[in-house]
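Dear colleague,

Please find the structure below, passed to you for your own work. My notes on what was found in it follow directly after.

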Amino acid sequence: MKAKRYVFPLLMAAVVSAVFAVDNQVGRNALSITGSSFLEMLSVIPPIFILLGLLDVWIPREKITKHLGEESGIKGISLSFLLGAAAAGPLYGAFPIAAVFMKKGVKFSNVLIFVGAWSTTKIPMFMFEMGSLGAGFALLRLAINIPGILLMAIILERITGKESIDAICAQAASISE
Amino acid sequence: MTVYSIVIYFITGSLLVISLIASRKKTLMALEKAWRSFEGILPELIAILLFVGLLIALLNPETISQLLGESSGVWGLLIASVVGSITLIPGFVAFPTAAMLLNNGAGITQIALFISTLMMVGVVTFPVEKKYFGTKLTIVRNVVAFGFSFIVAGLMGVVLG
């Protein structure tokens, strides 16, 4: 059944080839954009997965629970924020990490804060944003996003509910097994 | 980006060596897990990257600048948020692009909305996110992030506009 999962990307490749046949220039542009996204992916995603594997094998659950778990309070919130902000790479890189966090007993709202911080307050990207759009733009966006991420984490946790959260954590644990 | 990537590869490599010295068995286990998780999202990832490349190649920058102009109103906001939500553009491409669009006459609220939805909302990455968060939370997270992006853009438009 493994090969079946590759039907979708092969179909997509066929569409791109068809566009190539119709309009060579558009096809070329499309491939060059795909190429640069692919390079971005390779520049961070493989080491992230290896770090995750190492974290899963070496760091015991109790240690993570202590710093990021149910009882971790403000320290856990700040740490989740910093971990997300220190990241680089596209948002989909955050999801596998979130899964291992859930498996290791990280508080659910902290997982959401981590994902939120990863999505929009990444420190390396912030430097780049300042350079392109100016300090005013970047700082104001950051100032609005920090409380926004916390608020969204609380809202999402409420909406999802305890039962669904448990189901999601169980599912996440089975993925990263 | 490249510096960061060198740093992360270097750290990963060093930790891997330390792990290998400490326990060969555990290190192999870690690598096996790493590969399995990576392979788990690879097919979706390839399809997504191909799709986004095509989408962006079909949109041209002059048209976008016009559509997102200062006076483009509700339509401009709608387009900015939809394009930002659907596409997946690396930050080091997105920020210079946004700066270029601003110079070509796009409005600050529209650009802030585009940047914010681009980073927080992921329509094309839905199949990947769903695997980890389930369908319900994935939908809710994206909808909430979409709404929040309008707040960010509104505030930024008022302060900087």
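In chain A, the C-alpha centres of domain 1 and domain 2 lie 30 Å apart. The domain assignment, which is automatic or taken from a database, places domain 1 of chain A at 1-44 and domain 2 of chain A at 59-175. This is a predicted model, in which local features need pLDDT of at least 70 and side-chain atom pairs count only at pLDDT 80 or more, while totals for chains, interfaces and linings use all residues. Residues are numbered from 1 along each chain as its sequence is written, and chains are lettered from A and ligands numbered from 1 in the order in which they are written.

Chain A overall

The secondary structure of chain A consists of 8 helices and 0 strands, where helices (H or I, at least four residues) and strands (E, at least two) are DSSP runs numbered from the N terminus. The pattern along the sequence is accordingly written α-α-α-α-α-α-α-α. The C-alpha trace of chain A spans about 60 × 50 × 30 Å along its principal axes. Of the 177 residues in chain A, 40% are buried; a residue is buried if 20 or more other C-beta atoms, placed from the backbone, lie within 10 Å of its own, exposed if 12 or fewer do, and partly exposed in between. Two residues are in contact if their C-beta atoms, placed from the backbone, lie within 7 Å. Among contacts in chain A between residues at least 6 apart in sequence, 77% join residues at least 24 apart.

Helix packing within chain A

Two packed helices are described by the angle between their axes and the distance between the axes. The axes are lines fitted to C-alpha atoms, for helices over the stretch in contact, and angles run from 0 to 180 degrees between N-to-C directions. Helix H6 (residues 108-120) of chain A packs on helix H8 (residues 135-175) of chain A at an angle of about 140°, with the axes 8 Å apart. H6(A) is therefore oblique to H8(A); angles under 35 degrees count as roughly parallel, over 145 as roughly antiparallel, 65 to 115 as roughly perpendicular and the rest as oblique. The residues in this contact include A:Phe108, A:Leu112 and A:Ile113 of H6(A), and A:Ile149, A:Leu150 and A:Ile165 of H8(A). By class, the contact of H6(A) with H8(A) has 11 nonpolar, 4 polar and 1 charged residues. Here Ala, Val, Leu, Ile, Met, Phe, Trp, Tyr, Cys and Pro count as nonpolar, Asp, Glu, Lys and Arg as charged, and the others, Gly among them, as polar.

H7(A) and H8(A) also pack at an angle of about 140°, with their axes 6 Å apart, and are therefore oblique to each other. A:Phe126, A:Glu129, A:Met130 and A:Leu133 of H7(A) make this contact with A:Ala135, A:Phe137, A:Ala138 and A:Leu142 of H8(A). These residues divide into 7 nonpolar, no polar and 1 charged.

Contact between the chains

In the interface, 67 residues of chain A are in contact with 63 residues of chain B. H2(A) gives the most to the side of chain A that touches chain B, with 24 residues. By class, that side of chain A has 46 nonpolar, 16 polar and 5 charged residues.

One helix pair across the two chains is H1(A) with helix H2 (residues 24-58) of chain B, packed at an angle of about 20° with axes 8 Å apart. This angle makes H1(A) roughly parallel to H2(B). A:Phe8, A:Pro9, A:Met12, A:Ala13, A:Val16 and A:Val19 in H1(A) meet B:Pro43, B:Ile46, B:Ala47, B:Leu50, B:Phe51 and B:Leu54 in H2(B). The contact of H1(A) with H2(B) comprises 12 nonpolar, no polar and no charged residues.

A:Pro96, placed in helix H5 of chain A, counts as buried because 24 C-beta neighbours lie inside 10 Å. Not counting residues up to four places away in sequence, A:Pro96 touches A:Phe49, A:Leu52, B:Ser37 and B:Tyr132. The C-alpha atoms of A:Pro96 and A:Ala172, 76 residues apart along the chain, are separated by 8.5 Å.

Domains of chain B

Chain B is assigned domain 1 (1-58) and domain 2 (60-161), with 27 Å between their centres, taken over C-alpha atoms. Their contact takes 9 residues from domain 1 of chain B and 9 residues from domain 2 of chain B.

With kind regards
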